[in-house]
Amino acid sequence: MRTVLTSCPFCGCGCGLYVHARDGIPSGVAASQHHPVSQGRLCARGWSAHAAAAWGPRLTRPMLRRDGELRGADWGEALDTAARGLARLRSSGRSIGVIASPRLTNEESYLAVRLARGALGTPHIDAPLRAEFALALAGIGEVSGVASSRGTLQDVEASDAILLVEGDLAASHPRAASAITRAVAAGAKLVCCGPAATQMSRLATLSFTWRPGAETDSLAPLIAGALAAGAGEPGAGQLAAGLDALRASLAAIAVGDQARAAARWLVEAARPSVVVAPFPAAPAAVRRVTVAVANLAALCGGLGRPGSALLVLPTRSNAQGSLDMGVTPEALPGGRPLDDGGLRDRLAAAWGTAVTADRGVDAADMVGQTSGLVIVGDALAGGVPPVGPAGEALSGSELVVVLDAFASPALDAADVVLPVAAAIESSGTVTGADGWLRRVRPGGDPPGEARGAWWVLAELGRRLGLGGGPDSPDQVLEEIANVVPGYRGVDRGALDTGWGVLLPAPPVDRAALQPLPAPASPSDDRIVMLDGVYDWGSDPLVDHAPILCRDERSRRKLFPRGQVAMAPGDAEALGVRQGWLVKLVSNHGEAVLPVVLRRELAPGRLSVPFAFRYMLADVLAGMPSASVRVERV
Amino acid sequence: MSDQDAARGGSAGPRGAYAIERSRIDDWVSTVLALGEVIAPMAGHGGDVLYAPVETPDQVLWEFDNSLHPPKEVLLPQTDPLFEIRGERSGWQVAAVRPREPRILLNARSCDASGIRFLRGVHEEDLRDSAYLRRDADLTVVSLSCPQPCSQGFCICCDAGPFLDDGFDVQLTDLGEVLLAEVGSAKGEALVRTSDGLFRPASEQELSRRRMLEAVAIDSFGESTCHFGSAMRRISTGRVVEALWDTMSDWCFECGACTLVCPTCYCFSIKDRQSGGGWQRCRMWDSCQYGAFTLEASGHNPRPHRKDRVKRRFYHKVSAQYYLRDGTVGCVGCGRCVTVCLGTTDMPAVVTAIRKGVWNG
Amino acid sequence: MDDLYLPRLARIAEVRDETPDTRTFVLQLRDGSVADTLPFVPGQFLELSVFGCGEAPFCIASSPTRPQALEVTVRRTGQLTDALHTLGPGDEIGLRGPCGNGFDVAAARGKDVVFVAGGIGLPPLRGLIWNVLDERESFGRVTVLYGARTPSDLVYKNELADWGRRDDLELLVTVDRAEPGWEGNVGMVPILFDMTELQPASSLVYVCGPPIMIRFVVQDLLMRGFGEDAVISTLERMMQCGVGKCNHCAIGHRYICRDGPVFSYRQIREMVE
């Protein structure tokens, strides 16, 4: 039996765990008691971190499409074919996209960027779920001047007042929910905001439910309340910047008793923290919400005060690192602007080729629309808007190269399949939402001929003219430590001796409060929304783990036509009962779904599980919520 | 009952007591290493402790806070291949994959030795799980008594520590310059005997020092206790109000960790895993705290709410019905559930809430 | 049995279509006769393995009085049953058992026996019905009341026709929804109670079917004067091991796979979750 310490491959909390392997197969998990993030506490997913690799439909040898069928090939042949095809597209000026999973290690992400912006000369590089996460960080950056989270879950657990903005934190980030719950048990005040009642809102001291489309309207009274409670008065130093404009934007806001109380807790707290977890909202709204909470954090002293955290939790394990490495169409590694000539030169020197620095397109726009597509890891799973049954969506591309550990619908459209290690079998580093760089160590051996994705990406790069190497993930990290801003000079020795390395956070010295948008006009519209932007069943690591997958599978079986939840009062008014069909009509289209009743839903609010988002595609048109008319069928 | 099973008679009590000089302990571990695989507490990363196979005596920890991961993994691995399945639909071969091998679990804490005794009971109860019992019989348990309560432990409430009267093959107690080795079974006797010259009969003085250490340890428990009595009465007779279960279940995040790390939990599922050209039928850890644990093929779920599952856990662990069957509560007081719980629904917290009728979060 | 979880191998000798989604599989053990190596009583179940897919419990639908083969009747409801339905004569599956307590046949001797089945609830009773018919002189009146959603959902159609022709057994059948050509009763199973003469004092009633049907039937029977011990049913739960170890099927401290699946209504009522 072999046991290694590694990072959990599921969400962005960054828990540490030991993986046991028997005969090279990951076969179990032990919690790490002293790991600074998890401290021995793992969620159900963490406890099954070994399972997908051991039980999933693994890809074990390279394959090439010949005469319409995928057939086994050797590595050299498969890599040559992929590289030749991509080179041909590039030389004929056709578009190529690279979609890289936000579960890849930093090293793999970096090599994917090198492949795209270097070897392939294309700016189209992105990760699914990146846009939402980047927008949330951008909102923070608008206020703090630094588009990144601050603080750790340990800080949250030690806080005395917490503002939580969430879709459903208990489901999306159970370990973060744990930190908040322990804080509440120790007496902290918890204020919850989100589109629906949740387990966390039941534990909250106060909770506010917002109307999709009017999210900031429920945050504005908190900010106004904070100002009324004395926040932002002289003495708050640099935070006075923008204060007048903010005050002016809140002039018409009425502050109720609850908002006043909640604001006072946050203002008076010694260690206030703000946690933002994924919630279903239009991209612009995500940014508005984080601007609002960053305002609040700034006013309460939660920006840069030791012990105060402002955490934006991404859905996937290495979303932060992926963004840092430059897996984004809108920035260079380190989050640097595309026109940062100095960085471009350094990258070009390291890569031995010119660096393409145009603005590329988002992942959703690459699918089926670029002539060539390289899909690295479980990159098509779980994105919003839905990519749809992959085989179909990808058919517009001439050449599809898939690097994955598991068989997925993308194989139906794949021309070249390159089997790689599962996340739990990978080596390298990941970066947590808390800014810690941590080791990922192989908890098992990839089956058959599968190789680490870093090796495959390096080989593709070599065949596309990038010269030799790297020969190991550590060599890639060395290069990252030389060129990627924020990672320069990281102490690689400390990665092994300690729990990781805290990357230096830029100081908050350009903070400026931002005005809030005018309140949305009141509306009696019924609104249908996706139930959380995160869903276990859309995650292949859940789907392939025998103990985890059961709930989702059964839910789909029980509701083969999907489901839409509504409040009992609404159902009564419509004259429908549980199981009856209703038609939802939006400006974009319509859908018919059976009704389930849910007491916790606010009147006028309808909710559809994320797993059934395909059934609602016409109604939502790519957004997570829409105003609808509801008719009995 | 096979001879080997009988060899660890639960009620027989210590057979003899020996002493070994501390300076000779490594020599003893070396002789034990020659007898079979030795699983012992080792240093993991950054202060973590893990039970794992050791290769040299110096890897074995003698003073440590108990491992968060229970050594029950030795007998009940999280994924446990039971059979190799080869063939195809018109003809199959099924063969057991468990090799028999002598193994020694060294320095199991009293709670964990008690957990192993508990698991033996449930595998003997009703239909005997002989494959498990063979593996259990092949394992020699050397427990290490606890001169001080650990931070979350409440083993005295469960009759599972800090010192044991039975349920071990050998119980070691650190007396300073010497270690006392109490033998609880023929297997334990053999382990001490094969190490001729290292052990000598313990003196009356050493035995009395051991008794004194036990008394001090028991005295040191203070607040870390868990009073099962009245909770058991209420749970067994259904006199815990539903609203209390409702409230408590909001503080549970269904991670299942309380059951996974519990030395007395053994819920499992059986699944086939692809392996080479065939399949391995595996027994794997499952948890009654997971929503789909009772989900039927039809889609019906008799325990649809988290409350139902929290209730189930405490019924199985603390009800008189199970107490009568198992002869003890389903808890050894190791306190691991306090550490691993994502929420706050650990054993002492829930038992206290049921006893007092209120939940404090 | 040396290892509780080690399956034996059995060959599928015959497959019979019962309804569009239900089939009966006739099984021959590879390593011995049923009578010698797998003695069972009606109401017990088998854990069947489709290798590579897993294991699931199925009631034995045949009678120990006819030990030439084992029969199970399986409706497609999920992964494993789907996989089982792809198998045909000559294919091999794994088998463990018999599991569970089964019906107490001796307790029914000398009494009138009434069988009330709904839909796929007839197979678990079929073994007991054949056992009773094969030892017909030991029992009083035998009544079989059977209901299904539609005529095509009725299982064992040939057998029902045979039973209908026997004069030592009263068979009444009903469907919830008629189809063209159906001339029989239409309505839920309890409507059959008024078409026969029930003798609460001297009868045992065996009820099997969907949970909602069981609830209505039992209510009705209790109102008609049957004692709680005279109404016998089977419980279903998610099962894995079938031998009382894995805890999936526990209700309180009872295990459906060991203490059941057969319980009297009194036992069912007294169970606490």
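What follows is a short account of two chains and the contact they make.

First, the conventions. This is a predicted model, in which local features need pLDDT of at least 70 and side-chain atom pairs count only at pLDDT 80 or more, while totals for chains, interfaces and linings use all residues. Residues are numbered from 1 along each chain as its sequence is written, chains are lettered from A and ligands numbered from 1 in the order in which they are written, and side-chain values use heavy atoms, with hydrogens and water left out.

Let me start with chain A. Chain A has 24 helices and 24 strands; these are DSSP runs, H or I of at least four residues for helices and E of at least two for strands. Its radius of gyration is 24 Å, close to the 26 Å from the globule rule for 633 residues, so chain A is as compact as a globular protein of that length. That radius is taken over C-alpha atoms, and the rule is 2.2 Å times the number of residues to the power 0.38. Along the principal axes, the C-alpha atoms of chain A fill a box of roughly 70 × 60 × 50 Å.

How much of chain A is buried? Of its 633 residues, 62% count as buried, meaning under 20% relative accessible area with a 1.4 Å probe, protein chains only. Among contacts in chain A with a separation of 6 or more, 74% are between residues 24 or more positions apart; a contact is heavy atoms within 4.5 Å.

Now chain B. Chain B has 13 helices and 12 strands. A compact globule of 361 residues would have a radius of gyration near 21 Å, and chain B, at 21 Å, agrees with that. The box filled by the C-alpha atoms of chain B is roughly 65 × 60 × 40 Å along the principal axes. Of the residues of chain B, 61% count as buried. Residues 24 or more positions apart make up 72% of the contacts in chain B with a separation of 6 or more.

W47(A), W55(A) and R550(A) supply 18% of the area that chain A buries against chain B, more than any other three residues. The contact takes 50 residues from chain A and 48 residues from chain B.

How values were computed: Buried < 20%, exposed > 50% of the residue type's maximum accessible area, 1.4 Å probe, protein only. Buried area = accessible area lost by both parts, 1.4 Å probe.
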